[in-house]
Amino acid sequence: MIEVGRICVKIAGRDAGKRCVVIDVLDSKFVLIDGQTRRRKCNMLHLEPLAQTVKISKGASRDKIVSAFKDLGIELREKKSKKPAAKPKKVRKVKPKATKPVKQKVVAKPVEKKTEEVPVSKPAEPKTIPKKKAVKKVVKKE
Amino acid sequence: MPAMRFRSRTFRRVFVRTPGGETKLTYKKRKNAKPHCALCKAVLPGVARGTKTQVRALPKSARRPERPYGGQLCSACMRKTIVAKARNQA
């Protein structure tokens with residue numbers, strides 16, 4: 001029942017329930033499989049053979065297996081490339097240039113306010129002085 | 001008299017030795033029950049067990065087996081269901 005080109009369902013492990021093709025029969029126990037699973041050695045006891053077969057040669061390449069599965073109506077997922085696409089970040093550099101002149105204008109306005117605040121700050125100083133006197137009184141009592 | 005919620009055995013009792021040298025009784029939550037196979041009711045190996053917060057703190061791959069139906073069916077029952085599915089379709 002198990003020969004090269006036989007479609008099987010894997011029964012055991014993390015690939016259980018996935019379809020695969022027998023690529024090579026290694027010995028009386030083990031076969032080489034590929035398909036929805038990774039290309040790997042597999043125990044025959046961990047495979048459930050189906051009625052379907054595919055015409056592939058022994059040790060067929062991945063591309064041929066992908067096309068063979070397409071004929072059955074099963075599309076195989078391909079691995080994603082590990083290199084991420086480079087993203088240009090020029091937009092951020094432009095923004096600070098626009099904000100710098102705005103900051104200078106903001107600095108100029110508070111200078112006018114500070115002149116107004118100066119008389120307000122003077123009455124605030126005498127408030128702190130009586131607190132110091134209170135401390136001195138406590139020292140005298142001791 | 002302990003608080004009313006502690007009078008049944010819902011919480012487990014743990015004796016704790018305090019820094020002052022006394023032993024005090026504290027009440028802690030019990031572990032969840034062991035998970036079982038949904039078909040054959042056997043105890044599932046390889047499934048994390050503890051209070052809910054302890055299990056949630058583990059990575060997902062440490063909580064249950066990685067295969068399909070992992071943590072729900074035992075491996076033998078999982079094989080039977082997948083084989084039956086494959087034979088019905090073919």
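**View 1. Strand E1 of chain A between its two neighbours.** Here E1(A) and E2(A) run antiparallel and are joined by three bridges; strands, like helices, are DSSP runs numbered from the N terminus, with at least two residues in state E for a strand and at least four in H or I for a helix. Two strands count as paired if DSSP finds at least two bridges between them. Look for Ile7(A), whose bridge partner in E2(A) is Val21(A). Towards E5(A), E1(A) is joined by four bridges, again antiparallel, and Cys8(A) has Pro49(A) as its bridge partner there. This is a predicted model, in which local features need pLDDT of at least 70 and side-chain atom pairs count only at pLDDT 80 or more, while totals for chains, interfaces and linings use all residues. Residues are numbered from 1 along each chain as its sequence is written, and chains are lettered from A and ligands numbered from 1 in the order in which they are written.

**View 2. The two faces of E1(A).** Five of the five residues in E1(A) are buried, a word used when 20 or more other C-beta atoms lie within 10 Å of a residue's own C-beta atom, with 12 or fewer making a residue exposed, anything in between making it partly exposed, and C-beta atoms placed from the backbone. On one side you will find Arg6(A), Cys8(A) and Lys10(A), and on the other Ile7(A) and Val9(A), all of them buried.

**View 3. The open sheet of chain A.** Five strands line up in the order E4-E3-E2-E1-E5, with antiparallel pairing. Strand E4 (40-43) and strand E5 (47-53) stand at the edges with a single partner strand each, so one side of each has no neighbour in the sheet. From one strand to the next, the twist averages 50 degrees; axes are lines fitted to C-alpha atoms, for helices over the stretch in contact, and angles run from 0 to 180 degrees between N-to-C directions. Within the sheet, strand E2 (residues 19-25) and strand E3 (residues 30-35) of chain A pair over five antiparallel bridges, and Val22(A) stands opposite Ile33(A) of E3(A). Helix H1 (residues 62-72) of chain A lies across E2, E3 and E5 of chain A, at about 70 degrees to E3(A).

View 4. Thr53(A) is found in strand E5 of chain A. Why does Thr53(A) count as partly exposed? Because it has 14 C-beta neighbours inside 10 Å. Leaving aside neighbours within four places in sequence, Thr53(A) is in contact with Gly5(A), Arg6(A) and Ile7(A), where contact asks for backbone-placed C-beta atoms within 7 Å. Val21(A) is 32 residues away along the chain, yet the two C-alpha atoms are separated by 8.3 Å.

**View 5. The largest nonpolar core.** This core has 21 residues, and those with the most contacts inside it are Cys8(A), Ile11(A), Val21(A), Val22(A), Ile33(A), Met78(B) and Ile82(B). By nonpolar core we mean a set of buried Ala, Val, Leu, Ile, Met, Phe, Trp, Tyr and Cys residues joined through C-beta atoms within 7 Å. Strand E1 (6-10), E2, E3 and H1 of chain A, together with helix H3 (75-89) of chain B, each supply at least two of its residues. The largest share, four residues, comes from E2(A).

View 6. The elements of chain B run β-β-α-α-α from the N terminus on. Strand E1 (residues 12-17) of chain B pairs with strand E2 (residues 23-28) in the antiparallel sense over six bridges, with Val14(B) opposite Thr26(B). Five residues lie between these hairpin strands, and Gly21(B) in the turn has a positive phi of about 95 degrees. How many of the six residues of E1(B) are buried? The count is zero.

View 7. Within chain B, the mean is lowest in helix H1 (residues 52-57), at 91, and highest in E1(B), at 96. For the complex, the predictor gives an ipTM of 0.73 and a pTM of 0.63.

Technical notes. Two residues are in contact if their C-beta atoms, placed from the backbone, lie within 7 Å. pLDDT is the predictor's confidence in each residue, from 0 to 100.
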